[in-house]
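These are my notes from one sitting with a structure. I wrote down each thing I looked up, in the order I looked.

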Amino acid sequence: MTAKISYGDVEVGTELPAQTFPVTRATLVQYAGASGDFNPIHWNEKFAKEVGLPDVIAHGMFTMAEAIRVVTDWAGDPGAVVEYGVRFTKPVVVPNDDQGATIEVSGKVAAKLDDNTVRVDLTATSAGQKVLGMSRAVVRLA
């Protein structure tokens with residue numbers, strides 16, 4: 001696959017379609033099974049609170065993966081992402097109810113680079129707090 005977005009059609013400031021991703025305790029158990037990360041802070045409320053967390057929290061790598069979906073959906077090809085990094089700033093707290101939490105993600109082209117690449121800056125929040133900082137991806141466009 002190749003990116004479906006043309007480098008020539010993108011300008012600095014181009015906004016990517018924002019997305020909201022639901023996260024429930026069931027989502028965290030499924031992710032734990034897929035990733036092998038069974039740290040009890042991601043599924044055991046009692047343990048999470050004993051170590052000073054407000055409740056069970058989502059895996060950082062899960063949060064990071066959900067955020068990059070805004071970029072891969074926009075580009076049309078996950079392989080178009082050539083670089084991606086974040087700083088974890090706040091945890092995504094996932095209550096034990098029918099609603100869980102949500103991760104809201106938006107993105108904007110921050111720079112046009114060489115070789116048909118652009119830098120996309122992402123903003124990811126949950127419960128009104130920024131959960132990822134310095135969230136940036138370099139994407140090779142068509």
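**Notebook: loops, rings and buried residues**

I began with Asp 115, which I found in the loop between β3 (101–112) and β4 (117–126). Helices (H or I, at least four residues) and strands (E, at least two) are DSSP runs, numbered from the N terminus. I noted that this is a predicted model, where local features need pLDDT of at least 70 and side-chain atom pairs count only at pLDDT 80 or more, while totals for chains, interfaces and linings use all residues. Residues are numbered from 1 along each chain as its sequence is written, and side-chain values use heavy atoms, with hydrogens and water left out.

I looked up the phi of Asp 115 and got a positive value near 55°, in a residue other than glycine. Asn 116 is in the loop between β3 and β4 too, and its phi is positive at about 60°, although it is not a glycine. I wrote beside this that most residues other than glycine have a negative phi.

Next I checked accessibility, where buried means under 20% relative accessible area, exposed over 50% and partly exposed in between (1.4 Å probe, protein chains only). Asp 115 counts as exposed at 60%, and Asn 116 as partly exposed at 34%.

I then searched for aromatic pairs (ring centres of Phe, Tyr and Trp, with its six-membered ring, within 6.5 Å; planes under 30 degrees apart stacked, over 60 edge-to-face, the rest tilted). The structure holds one. The ring centres of Tyr 31 and Phe 62 are 5.4 Å apart and the planes are at 70°, so I logged the pair as edge-to-face. Tyr 31 lies in helix α1 (residues 25–35) and Phe 62 in helix α3, so the pair ties together parts that are 31 residues apart in sequence. Phe 62 is buried, at 8% relative accessibility.

Is His 59 buried or exposed? I found His 59 buried, with a relative accessible area of 1%. His 59 lies in the loop between α2 (45–50) and α3. Leaving aside neighbours within four places in sequence, I listed its contacts (heavy atoms within 4.5 Å): Leu 28, Tyr 31, Ala 32, Asp 37 and His 42.

My last entry is Ala 75, in helix α3 (residues 60–75). Ala 75 is buried, at 0% relative accessible area. Beyond its neighbours within four places in sequence, Ala 75 is in contact with Ala 3, Lys 4, Ile 5, Ala 80 and Val 139. The C-alpha atoms of Ala 75 and Tyr 31 are separated by 25 Å, and the two residues are 44 apart along the chain.
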